[in-house]
Structures are given as structure tokens and as C-alpha cells.
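Please view the sequence and structure first, then read the points below by topic.

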Amino acid sequence: REAIYLVIMNSIDFEECAHKLLKMNIGKGHEGELCNMISDCCMQERTYTKFYGLLAERFCMIDAIYKQHFFRIFVEVYTRIHNETTNKIRNIAKMFAHLLYTDALDWHVLKSITITEEMTTSSSRIFLKIFFQELAENLGIQKFNEKIKDKDMAQYYEGLFPTDHPKNTRFAINFFSMIGLNAVTSELREELDNMTKLSMIQQLQAEKEKE
């Protein structure tokens with residue numbers, strides 16, 4: 001970890017850093033530790049620097065094993081995000097957004113996110129706000145909307161657009177609307193309308209049966 005840290009801190013740019021790390025063969029057998037250190041160093045910075053997004057992207061492109069480890073780190077970080085400071089949350093959210101909008105990391109990772117009141121905390125909502133805003137800003141709202149509505153990926157995005165209960169559907173709509181991404185909620189709004197209509201019909205039928 002110390003060797004990796006020194007290389008990261010003493011590199012002028014991400015290309016030099018990646019070259020040095022590969023030359024030292026630090027990654028051989030320690031790919032997970034290398035990915036951990038990139039993520040940890042990114043979180044420790046006072047403000048986010050694109051150096052870490054570019055460095056992580058480079059390793060994801062070099063070998064699929066790095067993708068697997070960054071995938072694991074995303075899930076681990078998101079799970080324990082309530083233990084992190086706002087600054088660390090902002091930095092890591094931007095780094096992972098970079099990996100997604102450059103397609104260095106598979107969007108399947110979003111399967112680990114469920115946007116409901118019970119499944120989010122104030123910290124995870126900060127993470128998601130920065131993460132999704134960063135994606136939309138770099139891809140453009142139209143392309144981001146296309147990505148997030150990809151029918152082939154629908155099974156991985158179920159947690160982002162919950163339709164199991166009106167309360168959860170409404171929560172997700174409100175969340176995306178509050179962070180300025182109202183455009184992605186059109187189908188959810190239709191689903192909520194259908195739920196409301198169905199509920200009213202069932203209520204009327206129940207009342208008639210009582211009569």
C-alpha cells in the first residue's frame with residue numbers, strides 16, 4: 001500500500017502514474033489492493049481531481065480483473081457510505097460516475113442501488129445526487145436518459161425505478177425531480193397514475209360488495 005501511495009502522490013499525471021505502477025508489477029496478484037488505494041486516495045483529497053477517474057479508467061481498460069475490483073468497491077462503498085464525510089462522498093461519487101460515463105465500468109453495478117425511503121440514508125442520497133448529476137452533465141440529459149431507460153438493462157435498474165408500491169414509486173419520482181432529473185421519471189409517473197386508478201377501482205368495488 002505504501003509503494004502504491006508513493007507512486008500515486010509523486011506522479012505528475014495519470015498516464016505517468018499508470019506506467020509506473022505497471023512497470024513495478026504492483027498489480028500482479030495485488031489488483032484488488034491497487035484499486036482500493038486509488039479509491040482511498042481519491043476519497044482523501046480535499047476536492048475531487050479527475051486524475052483518479054482517469055487512472056481508474058486506464059486500469060479498467062487494461063484488464064477485466066480491475067473492472068471486477070472497482071465493481072466490488074462500488075458496492076462496498078455504497079453499503080457503508082453512511083460512515084463517510086460529505087467530502088469523501090462527493091469525491092468517490094464523481095470518480096465512479098467517471099467510470100460509468102466513459103463505459104470503463106459496466107452499468108450493471110446500478111443493480112446494487114434501491115431508491116426508496118427505507119433503502120437510502122441522507123448520506124446515500126447525497127452520493128446518488130452527485131453521482132447521477134455528474135452522469136447527466138457529462139453524457140447530456142438525452143443520452144443519460146437513453147442509458148438509464150435501456151430495455152436490455154431494465155433488470156439492473158429495477159431498484160432505481162421501484163414499482164412495487166405507490167409509496168416507493170412516489171419517493172423515487174420525488175428524488176429524481178429534486179436533483180433536477182425529472183426527465184427520467186416519465187414512465188414512473190405513468191406507472192403511479194395507473195396504480196392510483198387501479199387502487200380507486202378496487203376501493204369502489206370493495207364498497208359495492210359491502211352494499
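The largest pocket has a volume of about 310 Å³. The model is predicted: local features require pLDDT of at least 70 and side-chain atom pairs count only at pLDDT 80 or more, while totals for chains, interfaces and linings use all residues. Residues are numbered from 1 along each chain as its sequence is written, and side-chain values use heavy atoms, with hydrogens and water left out.

**The largest pocket**
- A pocket is an open set of points on a 1 Å grid over the protein atoms alone, where a 1.4 Å probe fits, with protein on both sides within 12 Å along at least five of seven lines; lining residues have an atom within 4 Å of a point.
- Its volume is the space filled by probe spheres set on the points, which are joined across faces, edges and corners.
- The lining of the largest pocket has 14 residues, of which Ala154, Tyr157, Phe161, Thr163 and Glu187 are the closest to its centre.
- Helix α10 (residues 186-210) supplies the largest share of this lining, three residues.
- By class, the lining holds seven nonpolar residues, one polar residue and six charged residues (nonpolar: Ala, Val, Leu, Ile, Met, Phe, Trp, Tyr, Cys and Pro; charged: Asp, Glu, Lys and Arg; polar: the others, Gly among them).

**Overall fold**
- The chain has ten helices and zero strands (DSSP runs numbered from the N terminus: helices are H or I of at least four residues, strands E of at least two).
- The C-alpha trace spans about 80 × 30 × 30 Å along its principal axes.
- Of the 211 residues in the chain, 44% are buried (under 20% relative accessible area, with a 1.4 Å probe and protein chains only).

**Nonpolar core**
- The largest nonpolar core has 69 residues, among which Phe70, Phe131 and Phe132 touch the most other members (a core is a set of buried Ala, Val, Leu, Ile, Met, Phe, Trp, Tyr and Cys residues joined through side-chain atoms within 4.5 Å).
- Helix α6 (residues 86-101) contributes the most to this core, nine residues.
- Leaving aside residues up to four places away in sequence, Phe132 touches residues including Ile115, Phe144, Leu160 and Phe176 (contact means heavy atoms within 4.5 Å).

**Cysteines**
- The structure holds zero disulfides (pairs of cysteine sulfur atoms within 2.5 Å).
- Cys35 is in no disulfide, and the nearest cysteine sulfur, that of Cys60, is 6.7 Å away.
- Cys35 counts as buried because its relative accessibility is 0%.

Definitions and conventions. Buried < 20%, exposed > 50% of the residue type's maximum accessible area, 1.4 Å probe, protein only.
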